[in-house]
Amino acid sequence: MTLGEAEQMGDRTGMALSLDNLVFLENAKSRAERAMRLAGFSQALKEQVGGEAPPELLLLNDPWEGARRYLSEEEMRAAWEEGRAMTREQALAFARGESA
């Protein structure tokens with residue numbers, strides 16, 4: 001399921017999983033601050049729905065490990081908190097590249 005499909009269906013778990021995949025890609029592209037913002041929102045979304053996906057669906061690397069190559073702990077924490085503070089609309093627009 002894509003992020004857009006999950007959004008259209010109102011599937012918050014699907015949105016979080018899609019965002020987790022995007023986080024992995026952003027870290028792989030050396031865009032760690034963006035990855036951490038998305039990871040922060042994804043975690044907040046998971047908390048809203050009551051948890052994580054089954055472990056077999058969570059085979060991605062830890063976003064913190066990927067971001068450590070590019071950001072300090074302080075920068076990672078700040079980006080994470082910015083992501084956690086986003087509304088769903090803000091986070092999805094950010095994921096689509098519609099906002100900075």
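Visitor: Which relative accessible area counts as buried?
Guide: The scale runs from buried through partly exposed to exposed. Exposed means over 50%. Buried means under 20%.

Visitor: Is alanine 32 buried or exposed?
Guide: This is a predicted model. Alanine 32 is found in helix H3. The cut-off for buried is under 20%. Alanine 32 has 2% relative accessibility, so it counts as buried.

Visitor: Is asparagine 27 buried or exposed?
Guide: Asparagine 27 sits in helix H2. Its contacts beyond four places in sequence include Ala32, Ala35 and Tyr70. With 6% relative accessibility against a limit of under 20%, asparagine 27 therefore counts as buried.

Visitor: Are H2 and H3 roughly parallel or roughly antiparallel?
Guide: H2 covers residues 12-28 and H3 covers residues 32-49. Their axes come within 9 Å and cross at roughly 160°. Angles over 145 degrees count as roughly antiparallel. H2 and H3 are therefore roughly antiparallel.

Visitor: Is the crossing of H2 and H3 left-handed or right-handed?
Guide: The axes of the two helices come within 9 Å. H2 passes H3 in a crossing that is left-handed.

Visitor: Which pattern does the protein chain follow along the sequence?
Guide: The protein chain has six helices and zero strands. Read along the sequence, the pattern is α-α-α-α-α-α.

Visitor: What share of contacts between residues at least 6 apart joins residues at least 24 apart?
Guide: Of the 100 residues in the protein chain, 42% are buried. Among its contacts between residues at least 6 apart in sequence, the share joining residues at least 24 apart is 67%.

Visitor: In which helix is confidence highest?
Guide: The protein chain averages a pLDDT of 87, and 89% of the residues score at least 70. Confidence is lowest in helix H4, residues 63-67, at a mean of 89. With a mean of 96, the highest is helix H5.

Key
Residues are numbered from 1 along each chain as its sequence is written. This is a predicted model: local features need pLDDT of at least 70, side-chain atom pairs count only at pLDDT 80 or more; totals for chains, interfaces and linings use all residues. Side-chain values use heavy atoms; hydrogens and water are left out. Axes are lines fitted to C-alpha atoms, for helices over the stretch in contact, and angles run from 0 to 180 degrees between N-to-C directions. Helices (H or I, at least four residues) and strands (E, at least two) are DSSP runs, numbered from the N terminus. Angles under 35 degrees count as roughly parallel, over 145 as roughly antiparallel, 65 to 115 as roughly perpendicular and the rest as oblique. A crossing is left-handed if the near helix is turned anticlockwise from the far one by less than a right angle, and right-handed if clockwise. pLDDT is the predictor's confidence in each residue, from 0 to 100. Buried means under 20% relative accessible area, exposed over 50%, partly exposed in between (1.4 Å probe, protein chains only). Contact means heavy atoms within 4.5 Å.
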